[in-house]
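Here are my notes on the model, point by point. Please read them with the structure open.

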Amino acid sequence: MSWLSLIWANLFRHRVRTILTLVSVLVAFLLFALLRNVIESFATGIEIAGVDRLVTAPKYSMVDRLPLAHLQQIEAVDGVVAVTHANWFGGYYQDPANFFPKYPVRPREWFAMYSEYRIAPEQLDAFANTRDGAVVPVGLAEQYGWKVGDRIPITADIYPKKDGSRHWEFELVGTYSAPPDEPQPVTFLFQYDYWDQATQHSAGTVAWFVVKVADPDAAGEVARRIDALFEQSRNPTRTSTEAERQRQFANQVGDIGLMMSGILGAVFFTILLLTANTMSQGLRERIPELAVLKTIGFTDDSVSLLVLGEALVLCLVAGALGLALGAYVSAVLAPLLESAIGVFETSWRTVALGLGLAALLGLVVGAGPALNARRVTIVDALRE
(Lines give C-alpha, C1' and ligand atoms only; values in the text may rest on other atoms or scores of the structure.)
Protein backbone atom coordinates (compact mmCIF):
# COMPACT_ATOMS: atom_id res chain seq x y z
CA MET A 1 0.00 0.00 0.00
CA SER A 2 1.41 3.42 -0.96
CA TRP A 3 1.74 6.31 1.46
CA LEU A 4 -0.99 8.28 -0.31
CA SER A 5 -3.46 5.39 -0.25
CA LEU A 6 -2.71 4.82 3.44
CA ILE A 7 -3.29 8.51 4.19
CA TRP A 8 -6.53 8.49 2.18
CA ALA A 9 -7.78 5.36 3.95
CA ASN A 10 -7.06 6.87 7.37
CA LEU A 11 -8.82 10.11 6.46
CA PHE A 12 -12.01 8.33 5.44
CA ARG A 13 -12.08 5.95 8.38
CA HIS A 14 -14.81 8.28 9.74
CA ARG A 15 -16.34 9.30 6.42
CA VAL A 16 -19.02 11.71 7.65
CA ARG A 17 -16.67 13.64 9.92
CA THR A 18 -14.04 13.95 7.22
CA ILE A 19 -16.56 15.06 4.59
CA LEU A 20 -18.02 17.72 6.92
CA THR A 21 -14.53 19.02 7.69
CA LEU A 22 -13.62 19.00 4.00
CA VAL A 23 -16.78 20.96 3.13
CA SER A 24 -16.02 23.52 5.85
CA VAL A 25 -12.52 24.11 4.51
CA LEU A 26 -13.88 24.14 0.94
CA VAL A 27 -16.35 26.92 1.81
CA ALA A 28 -13.55 28.93 3.43
CA PHE A 29 -11.49 28.80 0.23
CA LEU A 30 -14.56 29.58 -1.88
CA LEU A 31 -14.97 32.77 0.16
CA PHE A 32 -11.25 33.42 -0.15
CA ALA A 33 -11.42 33.26 -3.96
CA LEU A 34 -14.49 35.50 -4.22
CA LEU A 35 -13.22 38.13 -1.76
CA ARG A 36 -9.80 38.18 -3.40
CA ASN A 37 -11.56 38.82 -6.72
CA VAL A 38 -13.28 41.85 -5.19
CA ILE A 39 -9.97 43.20 -3.88
CA GLU A 40 -8.24 42.68 -7.24
CA SER A 41 -11.13 44.33 -9.10
CA PHE A 42 -10.58 47.55 -7.15
CA ALA A 43 -6.80 47.25 -7.48
CA THR A 44 -7.04 46.73 -11.25
CA GLY A 45 -8.97 49.97 -11.62
CA ILE A 46 -6.16 51.80 -9.82
CA GLU A 47 -3.40 50.11 -11.82
CA ILE A 48 -4.85 51.08 -15.21
CA ALA A 49 -5.34 54.74 -14.32
CA GLY A 50 -3.51 57.12 -16.67
CA VAL A 51 -0.18 58.36 -15.35
CA ASP A 52 -0.57 61.66 -17.20
CA ARG A 53 -4.13 62.39 -16.06
CA LEU A 54 -5.37 64.29 -13.03
CA VAL A 55 -8.88 64.50 -11.62
CA THR A 56 -10.15 67.79 -10.21
CA ALA A 57 -13.17 67.26 -7.95
CA PRO A 58 -15.01 69.19 -5.21
CA LYS A 59 -12.81 69.53 -2.16
CA TYR A 60 -15.20 68.45 0.56
CA SER A 61 -17.62 65.91 -0.90
CA MET A 62 -18.05 63.85 -4.03
CA VAL A 63 -21.74 64.85 -4.14
CA ASP A 64 -20.91 68.57 -4.51
CA ARG A 65 -20.79 70.19 -7.94
CA LEU A 66 -18.26 72.38 -9.75
CA PRO A 67 -19.19 75.16 -12.18
CA LEU A 68 -18.38 74.43 -15.81
CA ALA A 69 -16.66 77.85 -15.88
CA HIS A 70 -13.72 76.32 -13.99
CA LEU A 71 -12.70 74.60 -17.22
CA GLN A 72 -11.21 77.68 -18.90
CA GLN A 73 -9.22 78.59 -15.81
CA ILE A 74 -7.82 75.07 -15.52
CA GLU A 75 -6.86 75.07 -19.22
CA ALA A 76 -4.76 78.17 -18.61
CA VAL A 77 -2.63 76.54 -15.88
CA ASP A 78 0.98 75.98 -16.86
CA GLY A 79 1.62 72.31 -17.59
CA VAL A 80 -1.97 71.48 -18.59
CA VAL A 81 -2.40 70.03 -22.08
CA ALA A 82 -6.15 69.32 -22.19
CA VAL A 83 -9.23 69.33 -19.96
CA THR A 84 -12.59 67.59 -20.17
CA HIS A 85 -15.30 66.74 -17.65
CA ALA A 86 -17.98 64.25 -16.64
CA ASN A 87 -20.95 63.79 -14.32
CA TRP A 88 -22.26 60.79 -12.42
CA PHE A 89 -25.75 60.26 -13.84
CA GLY A 90 -27.05 57.21 -11.97
CA GLY A 91 -30.28 55.64 -13.17
CA TYR A 92 -31.02 52.18 -14.54
CA TYR A 93 -32.07 50.35 -17.69
CA GLN A 94 -35.58 48.79 -17.50
CA ASP A 95 -35.02 47.34 -14.02
CA PRO A 96 -33.09 48.68 -10.97
CA ALA A 97 -30.96 45.52 -11.11
CA ASN A 98 -29.62 46.61 -14.52
CA PHE A 99 -27.05 49.04 -13.18
CA PHE A 100 -23.95 50.34 -14.95
CA PRO A 101 -22.05 53.67 -14.78
CA LYS A 102 -23.39 56.46 -17.00
CA TYR A 103 -21.58 59.74 -17.72
CA PRO A 104 -22.65 62.76 -19.74
CA VAL A 105 -19.48 63.89 -21.57
CA ARG A 106 -18.22 65.96 -24.47
CA PRO A 107 -17.61 63.26 -27.11
CA ARG A 108 -14.48 64.41 -28.94
CA GLU A 109 -12.79 65.77 -25.83
CA TRP A 110 -13.50 62.59 -23.87
CA PHE A 111 -12.05 60.20 -26.44
CA ALA A 112 -9.09 62.50 -27.01
CA MET A 113 -8.42 62.36 -23.25
CA TYR A 114 -8.87 58.58 -23.11
CA SER A 115 -6.99 57.79 -26.28
CA GLU A 116 -6.52 54.16 -25.21
CA TYR A 117 -10.19 53.54 -25.99
CA ARG A 118 -11.01 52.41 -29.53
CA ILE A 119 -14.00 53.81 -31.40
CA ALA A 120 -14.62 53.95 -35.15
CA PRO A 121 -14.13 57.52 -36.48
CA GLU A 122 -17.58 57.56 -38.12
CA GLN A 123 -19.19 56.48 -34.84
CA LEU A 124 -17.35 59.20 -32.94
CA ASP A 125 -18.61 61.71 -35.52
CA ALA A 126 -22.16 60.41 -35.06
CA PHE A 127 -21.77 60.68 -31.27
CA ALA A 128 -20.58 64.28 -31.53
CA ASN A 129 -23.38 65.25 -33.95
CA THR A 130 -26.36 63.42 -32.40
CA ARG A 131 -28.05 65.44 -29.65
CA ASP A 132 -29.32 62.41 -27.71
CA GLY A 133 -26.59 60.06 -28.96
CA ALA A 134 -24.81 57.53 -26.77
CA VAL A 135 -21.96 55.05 -27.11
CA VAL A 136 -21.47 51.98 -24.96
CA PRO A 137 -18.73 49.41 -24.33
CA VAL A 138 -18.83 46.43 -26.66
CA GLY A 139 -19.37 44.07 -23.72
CA LEU A 140 -22.34 46.06 -22.43
CA ALA A 141 -23.96 46.05 -25.87
CA GLU A 142 -23.54 42.28 -26.08
CA GLN A 143 -24.91 41.79 -22.57
CA TYR A 144 -28.18 43.59 -23.35
CA GLY A 145 -28.40 42.78 -27.05
CA TRP A 146 -28.15 46.43 -28.15
CA LYS A 147 -27.38 47.38 -31.76
CA VAL A 148 -26.51 50.68 -33.37
CA GLY A 149 -29.74 52.58 -34.03
CA ASP A 150 -31.56 51.21 -30.96
CA ARG A 151 -33.33 53.58 -28.58
CA ILE A 152 -32.19 52.91 -25.01
CA PRO A 153 -34.49 54.06 -22.18
CA ILE A 154 -32.89 55.02 -18.86
CA THR A 155 -34.87 55.81 -15.72
CA ALA A 156 -33.14 58.57 -13.73
CA ASP A 157 -32.79 58.42 -9.97
CA ILE A 158 -30.83 61.66 -9.53
CA TYR A 159 -31.63 63.96 -12.45
CA PRO A 160 -35.24 64.34 -13.60
CA LYS A 161 -35.98 66.36 -16.70
CA LYS A 162 -37.32 69.91 -16.56
CA ASP A 163 -40.87 68.61 -17.08
CA GLY A 164 -40.49 66.33 -14.05
CA SER A 165 -40.16 63.14 -16.08
CA ARG A 166 -37.50 60.65 -15.07
CA HIS A 167 -37.59 58.91 -18.45
CA TRP A 168 -34.50 59.60 -20.55
CA GLU A 169 -33.97 57.99 -23.94
CA PHE A 170 -30.79 57.78 -25.98
CA GLU A 171 -29.97 56.68 -29.51
CA LEU A 172 -27.13 54.18 -29.65
CA VAL A 173 -24.73 55.46 -32.31
CA GLY A 174 -21.65 53.36 -31.60
CA THR A 175 -19.58 51.12 -29.36
CA TYR A 176 -16.08 51.41 -27.98
CA SER A 177 -13.52 49.15 -26.32
CA ALA A 178 -10.02 48.92 -24.91
CA PRO A 179 -7.21 46.82 -26.46
CA PRO A 180 -7.87 43.08 -26.02
CA ASP A 181 -5.12 42.58 -23.43
CA GLU A 182 -6.41 45.36 -21.14
CA PRO A 183 -9.44 45.63 -18.82
CA GLN A 184 -12.49 46.63 -20.81
CA PRO A 185 -14.50 49.83 -20.12
CA VAL A 186 -17.93 49.60 -18.48
CA THR A 187 -19.33 53.13 -18.82
CA PHE A 188 -22.38 54.23 -20.82
CA LEU A 189 -21.51 57.64 -22.36
CA PHE A 190 -23.95 60.24 -23.67
CA GLN A 191 -23.99 63.89 -24.71
CA TYR A 192 -23.29 66.43 -21.94
CA ASP A 193 -25.04 69.21 -23.86
CA TYR A 194 -28.23 67.15 -24.07
CA TRP A 195 -28.15 66.49 -20.33
CA ASP A 196 -27.29 70.11 -19.52
CA GLN A 197 -30.22 71.48 -21.53
CA ALA A 198 -32.78 68.94 -20.34
CA THR A 199 -31.94 68.45 -16.65
CA GLN A 200 -34.20 69.96 -14.00
CA HIS A 201 -31.30 70.99 -11.79
CA SER A 202 -27.49 71.31 -11.74
CA ALA A 203 -27.26 72.70 -15.29
CA GLY A 204 -23.93 74.37 -15.98
CA THR A 205 -22.09 72.17 -13.49
CA VAL A 206 -19.93 69.06 -13.57
CA ALA A 207 -18.95 66.42 -11.04
CA TRP A 208 -15.25 66.39 -11.93
CA PHE A 209 -12.72 67.54 -14.49
CA VAL A 210 -10.13 65.27 -16.10
CA VAL A 211 -6.84 67.06 -16.77
CA LYS A 212 -4.01 65.84 -19.00
CA VAL A 213 -0.58 67.11 -18.03
CA ALA A 214 2.46 67.56 -20.25
CA ASP A 215 4.88 65.97 -17.76
CA PRO A 216 3.65 63.18 -15.44
CA ASP A 217 6.60 63.85 -13.13
CA ALA A 218 5.25 67.37 -12.56
CA ALA A 219 1.68 66.21 -11.90
CA GLY A 220 1.87 67.06 -8.21
CA GLU A 221 2.92 70.63 -8.88
CA VAL A 222 0.21 71.08 -11.54
CA ALA A 223 -2.37 69.77 -9.09
CA ARG A 224 -1.30 72.35 -6.49
CA ARG A 225 -1.56 75.16 -9.05
CA ILE A 226 -5.08 74.13 -10.00
CA ASP A 227 -6.29 73.94 -6.41
CA ALA A 228 -4.66 77.30 -5.63
CA LEU A 229 -6.87 78.94 -8.27
CA PHE A 230 -10.06 78.06 -6.39
CA GLU A 231 -8.84 78.00 -2.80
CA GLN A 232 -10.74 81.15 -1.83
CA SER A 233 -13.73 80.59 -4.10
CA ARG A 234 -17.18 79.20 -3.27
CA ASN A 235 -16.20 76.01 -5.07
CA PRO A 236 -12.76 74.89 -3.84
CA THR A 237 -11.23 71.83 -5.48
CA ARG A 238 -9.04 68.87 -4.69
CA THR A 239 -6.87 67.62 -7.53
CA SER A 240 -5.15 64.25 -7.53
CA THR A 241 -3.98 61.57 -9.91
CA GLU A 242 -6.53 59.14 -11.31
CA ALA A 243 -5.09 56.36 -9.15
CA GLU A 244 -5.49 58.42 -5.99
CA ARG A 245 -8.98 59.45 -7.05
CA GLN A 246 -10.02 55.81 -7.34
CA ARG A 247 -8.55 55.06 -3.92
CA GLN A 248 -10.58 57.95 -2.48
CA PHE A 249 -13.71 56.60 -4.16
CA ALA A 250 -13.10 53.17 -2.65
CA ASN A 251 -12.59 54.80 0.74
CA GLN A 252 -16.11 56.25 0.53
CA VAL A 253 -17.33 52.73 1.33
CA GLY A 254 -14.41 51.90 3.62
CA ASP A 255 -11.06 50.25 3.17
CA ILE A 256 -12.01 47.39 0.86
CA GLY A 257 -8.82 45.45 1.42
CA LEU A 258 -9.03 45.81 5.21
CA MET A 259 -12.67 44.70 5.30
CA MET A 260 -12.02 41.69 3.09
CA SER A 261 -8.93 40.73 5.08
CA GLY A 262 -10.88 40.98 8.33
CA ILE A 263 -13.61 38.69 7.02
CA LEU A 264 -11.08 36.17 5.73
CA GLY A 265 -9.13 36.29 8.98
CA ALA A 266 -12.24 35.44 10.99
CA VAL A 267 -13.20 32.64 8.60
CA PHE A 268 -9.77 31.01 8.60
CA PHE A 269 -9.35 31.30 12.36
CA THR A 270 -12.61 29.39 12.77
CA ILE A 271 -11.55 26.79 10.19
CA LEU A 272 -8.16 26.45 11.89
CA LEU A 273 -9.82 25.57 15.22
CA LEU A 274 -12.31 23.21 13.57
CA THR A 275 -9.75 21.30 11.53
CA ALA A 276 -7.23 21.13 14.38
CA ASN A 277 -9.91 19.66 16.63
CA THR A 278 -10.82 17.08 13.99
CA MET A 279 -7.21 15.99 13.51
CA SER A 280 -6.57 15.78 17.27
CA GLN A 281 -9.70 13.72 17.81
CA GLY A 282 -8.74 11.37 14.99
CA LEU A 283 -5.28 10.91 16.51
CA ARG A 284 -6.67 10.06 19.96
CA GLU A 285 -8.86 7.37 18.46
CA ARG A 286 -5.91 5.75 16.65
CA ILE A 287 -3.18 5.73 19.29
CA PRO A 288 -3.19 1.89 19.57
CA GLU A 289 -2.85 1.65 15.80
CA LEU A 290 0.19 3.91 15.92
CA ALA A 291 1.76 1.48 18.36
CA VAL A 292 1.13 -1.36 15.91
CA LEU A 293 2.74 0.63 13.09
CA LYS A 294 5.82 1.27 15.21
CA THR A 295 5.90 -2.41 16.23
CA ILE A 296 6.02 -3.61 12.60
CA GLY A 297 8.87 -1.26 11.68
CA PHE A 298 7.55 2.28 11.15
CA THR A 299 9.90 4.82 12.71
CA ASP A 300 8.82 7.70 14.90
CA ASP A 301 9.50 10.10 12.00
CA SER A 302 7.52 8.07 9.47
CA VAL A 303 4.49 7.84 11.79
CA SER A 304 4.73 11.57 12.43
CA LEU A 305 4.91 12.32 8.70
CA LEU A 306 1.93 10.05 8.08
CA VAL A 307 -0.22 12.06 10.49
CA LEU A 308 1.06 15.37 9.10
CA GLY A 309 0.35 14.13 5.57
CA GLU A 310 -3.29 13.49 6.44
CA ALA A 311 -3.74 17.14 7.47
CA LEU A 312 -1.93 18.37 4.34
CA VAL A 313 -3.95 16.19 1.97
CA LEU A 314 -7.24 17.18 3.60
CA CYS A 315 -6.48 20.92 3.43
CA LEU A 316 -4.98 20.84 -0.07
CA VAL A 317 -7.85 18.83 -1.56
CA ALA A 318 -10.47 21.03 0.11
CA GLY A 319 -8.56 24.19 -0.83
CA ALA A 320 -8.22 23.16 -4.48
CA LEU A 321 -11.92 22.29 -4.71
CA GLY A 322 -12.87 25.58 -3.05
CA LEU A 323 -10.69 27.60 -5.43
CA ALA A 324 -12.09 25.72 -8.44
CA LEU A 325 -15.64 26.39 -7.27
CA GLY A 326 -14.72 30.03 -6.68
CA ALA A 327 -13.44 30.34 -10.23
CA TYR A 328 -16.67 28.84 -11.56
CA VAL A 329 -18.90 31.11 -9.45
CA SER A 330 -16.80 34.12 -10.51
CA ALA A 331 -17.30 33.26 -14.17
CA VAL A 332 -21.06 33.07 -13.60
CA LEU A 333 -21.18 36.36 -11.66
CA ALA A 334 -18.75 38.27 -13.91
CA PRO A 335 -21.34 39.56 -16.43
CA LEU A 336 -23.45 40.90 -13.54
CA LEU A 337 -20.61 42.52 -11.61
CA GLU A 338 -18.18 43.79 -14.22
CA SER A 339 -20.37 46.79 -15.05
CA ALA A 340 -20.18 47.86 -11.41
CA ILE A 341 -16.68 46.94 -10.20
CA GLY A 342 -14.76 46.02 -13.33
CA VAL A 343 -13.01 42.75 -14.15
CA PHE A 344 -14.20 39.97 -11.84
CA GLU A 345 -12.24 36.77 -12.27
CA THR A 346 -10.03 34.36 -10.34
CA SER A 347 -6.42 35.03 -11.29
CA TRP A 348 -3.55 32.56 -11.17
CA ARG A 349 -2.08 34.72 -8.44
CA THR A 350 -5.16 34.04 -6.31
CA VAL A 351 -4.95 30.31 -7.06
CA ALA A 352 -1.26 30.15 -6.11
CA LEU A 353 -1.86 32.17 -2.95
CA GLY A 354 -4.83 29.98 -2.04
CA LEU A 355 -2.91 26.72 -2.49
CA GLY A 356 -0.05 28.11 -0.44
CA LEU A 357 -2.49 29.09 2.29
CA ALA A 358 -4.04 25.60 2.17
CA ALA A 359 -0.62 24.00 2.60
CA LEU A 360 0.17 26.34 5.49
CA LEU A 361 -3.17 25.53 7.11
CA GLY A 362 -2.42 21.80 6.76
CA LEU A 363 1.00 22.20 8.36
CA VAL A 364 -0.37 24.24 11.26
CA VAL A 365 -3.27 21.93 12.11
CA GLY A 366 -1.18 18.81 11.57
CA ALA A 367 1.91 19.88 13.50
CA GLY A 368 0.48 19.19 16.98
CA PRO A 369 -0.96 15.72 16.25
CA ALA A 370 2.19 14.79 14.29
CA LEU A 371 4.42 15.75 17.21
CA ASN A 372 2.25 13.75 19.62
CA ALA A 373 2.33 10.75 17.28
CA ARG A 374 6.12 10.92 17.21
CA ARG A 375 6.43 11.09 20.99
CA VAL A 376 4.04 8.26 21.84
CA THR A 377 5.79 5.03 22.88
CA ILE A 378 4.64 1.53 21.99
CA VAL A 379 4.01 0.58 25.62
CA ASP A 380 2.00 3.72 26.41
CA ALA A 381 0.02 3.46 23.18
CA LEU A 382 -0.99 -0.17 23.80
CA ARG A 383 -2.36 0.82 27.20
CA GLU A 384 -4.92 3.14 25.54
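Is Glu-171 buried, partly exposed or exposed? With a relative accessible area of 27%, Glu-171 is partly exposed. Keep in mind throughout that this is a predicted model.

1. Glu-171 and its partner. The Glu-171 side chain meets that of Arg-151 in a salt bridge, at 3.8 Å from N to O. Glu-171 sits in strand β7 and Arg-151 in strand β6, so this pair ties together parts that are 20 residues apart in sequence. The cut-off for a salt bridge here is within 4 Å.

2. A second bridge at Arg-151. Arg-151 also forms a salt bridge with Glu-169. Here the closest N and O atoms are 3.1 Å apart. The pair again links distant parts of the chain: Arg-151 belongs to β6 (residues 151-155) and Glu-169 to β7 (residues 167-176), 18 residues apart. Arg-151 is partly exposed, with a relative accessible area of 39%. Glu-169 counts as partly exposed, because its relative accessibility is 29% and the partly exposed class runs between under 20% (buried) and over 50% (exposed).

3. Asp-125 pairs with Arg-108 in a salt bridge, with the closest N and O atoms 2.9 Å apart. Asp-125 lies in helix α5 (residues 121-129), and Arg-108 lies in helix α4 (residues 107-113). The two are 17 residues apart, and the pair links distant parts of the chain. Asp-125 counts as partly exposed at 33% relative accessibility. Arg-108 is partly exposed too, with a relative accessible area of 39%.

4. The overall count. The structure holds 9 salt bridges.

5. Backbone at Gln-94. Most residues other than glycine have a negative phi. Gln-94 is not a glycine, yet its phi is positive, about 65 degrees. Find Gln-94 in the loop between β3 (80-86) and β4 (102-105). Its relative accessibility is 58%, so Gln-94 counts as exposed.

6. Backbone at Ser-202. Where is Ser-202? Look in the loop between α7 (192-198) and β9 (205-206). Ser-202 has a positive phi, near 70 degrees, in a residue other than glycine. Ser-202 counts as partly exposed, because its relative accessibility is 22%.

Notes. Residues are numbered from 1 along each chain as its sequence is written. This is a predicted model: local features need pLDDT of at least 70, side-chain atom pairs count only at pLDDT 80 or more; totals for chains, interfaces and linings use all residues. Side-chain values use heavy atoms; hydrogens and water are left out. Helices (H or I, at least four residues) and strands (E, at least two) are DSSP runs, numbered from the N terminus. Buried means under 20% relative accessible area, exposed over 50%, partly exposed in between (1.4 Å probe, protein chains only).
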